[in-house]
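These are my notes from one pass through the structure. I list what I looked up, entry by entry.

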Amino acid sequence: MEIYKTLDELGISPEIGERALKHLEPLKTVHMPTYNHSLRVGELCLNASKVAGLDPAVMYLSGLLHDVGKAKIDPRILGKEGKLTAEEMAEMEKHPILSYEMLVDDFHDFSEDIADIALLHHVMQKNSYPKMVIKDPKRIVALLSLMDFYDAYKTRPNSKMKYGSADVREIVTREKHDQKDLIEKLYEAGIFT
Ligand SMILES: [Fe+2]
Ligand SMILES: [Fe+2]
């Protein structure tokens, strides 16, 4: 399996790999597009870590596992086309805390805590959640947020209206303008396409 190969190349022990997969696997049955999104964000984070000079093992695991809490969200909400109601949105917004709770005991052996990163992955956006103020967000959280945002616009699993590459580039550059230089580098490196 590709994930095991990548984990092995990053020097991550099979024991940690099994823990990661234990959390990731339920997404397959609950909502396959979220599972596939997680694999892509893991891959994007890994590749971008080299450009950004961040710990590749931490970035890969953070990307793979940031949305595992969605396995506990109603699949009808996860797959709903169009706008969520206020109640559905409130339910959806629980997922970073659920991810944190699932991961908190399992990933202490890294330079950064994977559960903390998952908790914060929607904090650096316009309608941020959970509600908390982070004065100095870590670069690792910023990079994960960027990869998550890019993949969401690139694929738009719950919408028939897809964006072309130029549109995605424009949206990502506009919405994540504080990371403009990094975004340029990611396009130059062919990590963003
Ligand atoms: Fe998320
Ligand atoms: Fe995500």
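Entry on R156. The model is predicted, and I keep that in mind throughout. I began with the exposure of R156, which is partly exposed because 13 other C-beta atoms lie within 10 Å, and the partly exposed class sits between the limits of 12 or fewer for exposed and 20 or more for buried. I then checked its backbone: phi is positive, about 40°, although R156 is not a glycine. I placed R156 in the loop between α10 and α11.

Entry on α10 and α11. Helix α10 covers residues 139-155 and helix α11 covers residues 165-175. I read an angle of about 150° between them, with the axes 10 Å apart. Angles over 145 degrees count as roughly antiparallel, so α10 and α11 are roughly antiparallel to each other. I noted the crossing of α10 and α11 as right-handed. On the α10 side, the contact is made by F149, Y150, Y153 and K154; on the α11 side, by V168, I171, V172 and E175.

Entry on the cis peptide. Which peptide bond is cis? I found that the bond from Y129 to P130 is cis, with omega near -10°. P130 is in the loop between α9 (114-119) and α10.

Entry on the core. I looked up the largest nonpolar core, which has 42 residues. The members that touch the most other members are C45, L61, L65, I114, L143 and M147. Two or more residues each come from α2 (14-24), α4 (32-52), α5 (56-65), α8 (95-103), α9, α10 and α11. Which element gives the largest share of this core? I have α10 down for that, with eight residues. As background, nonpolar side chains in soluble globular proteins tend to be buried together.

Leaving aside neighbours within four places in sequence, I114 is in contact with V58, L61, S62, L65, L103 and F107.

Entry on α4 and α5. I checked this pair in the same way as the first one. The angle between α4 and α5 is about 160°, and their axes are 7 Å apart. The pair is therefore roughly antiparallel, and α4 passes α5 in a right-handed crossing. From α4 I listed S38, V41, G42, L44, C45, L46, S49 and K50, which meet P56, M59, Y60, S62, G63 and L64 in α5. The residues of the contact of α4 with α5 divide into eight nonpolar, five polar and one charged.

Entry on I77. I located I77 in helix α6 (residues 75-78). Is I77 buried or partly exposed? I77 counts as partly exposed because it has 17 C-beta neighbours inside 10 Å, whereas a buried residue needs 20 or more. Not counting residues up to four places away in sequence, I77 touches L84, E88, E91 and M92. I also took the C-alpha separation of I77 and Q125, which is 21 Å for 48 residues along the chain.

Entry on K28. K28 is in helix α3 (residues 26-30). I recorded K28 as partly exposed, since 13 other C-beta atoms are within 10 Å. K28 and A71 are 43 residues apart in sequence, and their C-alpha atoms are 8.6 Å apart in space.

Note on methods
Residues are numbered from 1 along each chain as its sequence is written. Chains are lettered from A and ligands numbered from 1 in the order in which they are written. This is a predicted model: local features need pLDDT of at least 70, side-chain atom pairs count only at pLDDT 80 or more; totals for chains, interfaces and linings use all residues. Axes are lines fitted to C-alpha atoms, for helices over the stretch in contact, and angles run from 0 to 180 degrees between N-to-C directions. Helices (H or I, at least four residues) and strands (E, at least two) are DSSP runs, numbered from the N terminus. Angles under 35 degrees count as roughly parallel, over 145 as roughly antiparallel, 65 to 115 as roughly perpendicular and the rest as oblique. A crossing is left-handed if the near helix is turned anticlockwise from the far one by less than a right angle, and right-handed if clockwise. Two residues are in contact if their C-beta atoms, placed from the backbone, lie within 7 Å. A nonpolar core is a set of buried Ala, Val, Leu, Ile, Met, Phe, Trp, Tyr and Cys residues joined through C-beta atoms within 7 Å. Ala, Val, Leu, Ile, Met, Phe, Trp, Tyr, Cys and Pro count as nonpolar, Asp, Glu, Lys and Arg as charged, and the others, Gly among them, as polar.
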